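User: I would like to learn how to read the contacts between chains and the packing inside a chain. Could we begin with what a contact is?

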Amino acid sequence: MLKIKNLKKNFGGVKAVDNCSFEVAKGKITALIGPNGSGKSTTFNLISHIIRGDSGKIVFDKIDIAKFSPEQVSNVGVSRLFQKSQLFNNLTIRENLLLAIDNEDTKFWKNILGKNKVTKEKEDQVSHWLDLIEMRHLSNKLGRELSFGQKRLIEIVRTILNPHKLLMLDEPVAGVNPRLRKYISEILLDLKKQGTTILLIEHDMNFALGLADEVIVMDEGKVIAKGTPNKIRNNKKVLEAYLGD
Amino acid sequence: MIEAYFVHLAILVVIYLILALSLQLALGYTGLINLGHIAFFAIGAYVSALLTLNGMPFVIAILIAGVVSAFFGFLLSIPTNKLKGDYLALATLAFTFVVYAVTLNWYSLTRGPLGLSGIPKPSILGISFSSNSSFLILTILIAIVTYFVIKKITESPFGKVLESTRDNELATRNLGKSTFKIKSTALATSAFFAGIAGCLYASYITYIDPSSFTIMQLIPILCIVIIGGLASLNGTVLATIVLILLPEPLRFLGFPSSVVGPMRQIVYALILLLILIYKPKGFFGKVELE
């Protein structure tokens, strides 16, 4: 579904992503792991075109998206969760989620003439997810009024509601409590059962290896290992990258 | 005499209200720190003045004034699309100076510093609005339409997209929405209503020159939007009434007219400073100015 080929990104003299190549298989959960500064988030930023790569190909669903804008990347079906909170702080939770459902809200005249209403179907979709994460009572709270864990859950739901073929999740459980962590992993496994493809970055090895079908390990901007979680657990290069020589 | 003075004040309040409501759409709802707003006011004033002086009916002239201002709003959004905060403020401020320089130097069109005089008072379908009280009714009607159109925009799903762009442009783009399209639409719409206000101003005063559209005219409008509160239309209405009328008593304190003007600016600056320190959201604002 997603093919990265010879991707490169330098920041001055630092090779943040160095000739990186890997594939993400359809319907699978692929974990992108590696120590701090290994280039995982930069790779995510290159895929979603938050930053522009120096060279290399990013092919998604047979389309080269390397030169697409962030909104074009989203519109071909790549939905991304950021590591840092990106909630709309002055909008309510309900409004935050409704924004993700489609792009009819960007059509000025359609909205002014009242031809784009918030339908019951959209409301039900939002309510369904808010029920699922037990946050329906907070639907009219503003983004800025939520706790860190609540914000994380809402952002994960917003990423899921954004029409997608691939979910890219950058540290979905970083800083959340064990109960929420379990909850999030259940949601992700459910999505996988429904056929969603997921690419996730995670620092917590146990969480990542417990969920993933495939694991890609990066260090110093390079892919140093690929394989199933069991293979990765015993890979010498991976252990060296995490624990040092 | 006193009645005429109050009618005159009311007309100014309503024209400033249209201008402030239109700035609220760009600044309060979309987060565009647009210091070029007064330039759209100027474009609307000059376009309508030139058209009506050449015999065009007021109704068509006011619409063309709005559309031409909106077009310049769209044009301004192209080079400023990637600018934010201070940089956007500076770039849009530069636009004010560009328009000022054009109105001052394009003598064959604008008569430069001499300005355009004898601008006709409005007449619609044979109904003349030449008296101040009838002109007040016309401006109030246009202000009501402006208020409800902007209210409709901000309460529609499109309004939520404006707010999401203000709150977090990256996240909005990441949801598949073109923020260039969103911001240029907001700026053009905001400029449209500023152009309408400019047309009303020109046809009320019947004389315009470049000095009517400088940065000094922007200060009260900015104060109104910030003090009334960002993303609050009702706050804008109340702040317009209070702030436009507040310096009026200065006229009756016996100061020479050369002192009254600067004192008005001092009053606005002081109020703005106090509000920014003690009430950064303004009186009815939903968001803080960052």
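Analyst: Two residues are in contact if their C-beta atoms, placed from the backbone, lie within 7 Å. Please keep in mind that this is a predicted model. With that cut-off, 24 residues of chain B are in contact with 24 residues of chain A.

User: Which element gives the largest share of the side of chain B that touches chain A?

Analyst: That share, 7 residues, comes from H7(B), while the elements giving two or more residues to this side are helix H6 (132-155), helix H7 (157-167), helix H8 (169-174) and helix H9 (179-205) of chain B. By residue class, the side of chain B that touches chain A divides into 9 nonpolar, 7 polar and 8 charged.

User: How should I read a nonpolar core, and which residues touch the most other members of the largest one?

Analyst: In soluble globular proteins, nonpolar side chains tend to be buried together. Here the largest nonpolar core has 151 residues, and those touching the most other members are B:Ile15, B:Ile18, B:Leu19, B:Ile196 and B:Ala197. This core also draws at least three residues from each of domain 1 (2-87 + 163-243) and domain 2 (89-145) of chain A. Leaving aside residues up to four places away in sequence, B:Ile18 touches B:Ile142, B:Ala143, B:Thr146, B:Phe193, B:Ile196 and B:Ala197.

User: Why is chain B described as being as compact as a globular protein of its length?

Analyst: Chain B, with 12 helices and 4 strands, has a radius of gyration of 18 Å, close to the 19 Å that the globule rule gives for 290 residues, so it is as compact as a globular protein of that length. Of those 290 residues of chain B, 50% count as buried.

Conventions
Residues numbered from 1 in each chain as written. Chains lettered and ligands numbered in written order. Predicted model: local features only at pLDDT ≥ 70, side-chain atom pairs only at ≥ 80, totals over all residues. Core = buried A, V, L, I, M, F, W, Y, C linked by C-beta atoms within 7 Å. Buried ≥ 20, exposed ≤ 12 C-beta atoms within 10 Å, placed from the backbone. Domains from an automatic or database assignment. Rg over C-alpha atoms; globule rule 2.2 N^0.38 Å. Nonpolar A, V, L, I, M, F, W, Y, C, P; charged D, E, K, R; others polar.
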